[in-house]
Amino acid sequence: MAKDRLTWDEYFMRLAETVAMRGTCDRAYVGCVLVNSENRIVSTGYNGSIKGNAHCDEIGHTMRDGHCIATIHAEMNALLYCAKEGIAVNNCICYVTHFPCLNCTKSLIQAGIKKIYYRNAYRVDDYAVELLEKNGIEYIKIEEKDQ
């Protein structure tokens, strides 16, 4: 009997979950995978400190207003890598383990991401949802599939 083949969406979401395991901020292990229209991975990112700086799992959190400000979010790390390397993300799809925060949502929209898939509805911001809808960007929750 043939094993069930993962859909592209489930495949990329599971990769995002694996990427999250590299995270260094234990407040939330988040992973992001950016994929182009040909189902090719463009970039990945996870929560962690600025390159060359100590990570939260080494020195603790730098908290302000209930947020760790030392951490760069997974979505931003994926986008910033592309910016640094000159890789286009316009019309890419974002697979992220947690619904993007407001700032990440704004950055994904501005970068030209056309669709967002997420697994966990973590701190879903009403204004982020409003912006996604206003800009015609689908956001779809992928439920965990039995393995």
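This is a working chat about a predicted model and what can be read from it.

Colleague: Which strands form the open sheet, and in what order?
Modeller: The sheet has 5 strands in the order S2-S1-S5-S6-S7, and the pairing is mixed.

Colleague: Which strands stand at the edges?
Modeller: Those are S2 and strand S7 (138–141). Each has a single partner strand, so one side of each is left without a neighbour in the sheet.

Colleague: How are neighbouring strands turned against each other?
Modeller: By 15° on average, direction ignored.

Colleague: In what sense do S1 and S2 pair?
Modeller: Antiparallel, over 5 bridges, with S2 covering residues 41–46. The two form a hairpin with 5 residues between them. In that turn, Asn-39 has a positive phi of about 60°. Across the pair, Val-35 stands opposite Ile-41 in S2.

Colleague: And S5 with S6, parallel or antiparallel?
Modeller: S5 and S6 run parallel and are joined by 5 bridges. Val-96 stands opposite Tyr-118 in S6.

Colleague: Which strands does helix H1 lie across?
Modeller: Helix H1 (residues 8–20) lies across S1, S2, S5 and S6. Its direction is at about 140° to S1.

Colleague: Changing topic. Which residues does the UniProt "binding site" annotation cover?
Modeller: According to the record, an unreviewed entry, they are His-73, Cys-101 and Cys-104. They are spread over 32 residues of sequence but cluster in space, with a largest C-alpha distance of 8.9 Å. The lining of the largest pocket includes His-73, Cys-101 and Cys-104.

Colleague: Where does His-73 lie?
Modeller: In the loop between strand S4 (67–68) and helix H3 (74–85).

Colleague: What is His-73 in contact with, apart from its neighbours within four places in sequence?
Modeller: Tyr-46, Asn-47, Cys-101 and Cys-104.

Colleague: And where is Cys-101 found?
Modeller: In the loop between strand S5 (93–98) and helix H4 (102–111). Not counting residues up to four places away in sequence, Cys-101 touches His-73 and Glu-75.

Colleague: What about Thr-105, buried or exposed?
Modeller: Thr-105 is buried, at 0% relative accessibility. This residue is found in helix H4. Leaving out residues up to four places away in sequence, Thr-105 touches Pro-100, Ala-128 and Leu-132.

Colleague: What does Leu-34 touch, not counting residues up to four places away in sequence?
Modeller: The list includes Arg-40, Ile-41, Val-42 and Ser-43. Also on it are Ala-78, Leu-79, Val-89, Ile-93, Cys-94 and Ile-113.

How values were computed
Residues numbered from 1 in each chain as written. Predicted model: local features only at pLDDT ≥ 70, side-chain atom pairs only at ≥ 80, totals over all residues. Heavy atoms only, no water. UniProt positions renumbered as here; feature names shortened; annotations may be inferred. 1 Å grid on protein atoms, 1.4 Å probe; cavity = no way out; pocket = protein on both sides within 12 Å on 5 of 7 lines; lining within 4 Å. Helix = DSSP H or I, 4+ residues; strand = E, 2+ residues; numbered from the N terminus. Contact = heavy atoms within 4.5 Å. Pairing = 2+ DSSP bridges. Buried < 20%, exposed > 50% of the residue type's maximum accessible area, 1.4 Å probe, protein only. Axes fitted to C-alpha atoms, helices over the stretch in contact; angles between N-to-C directions.
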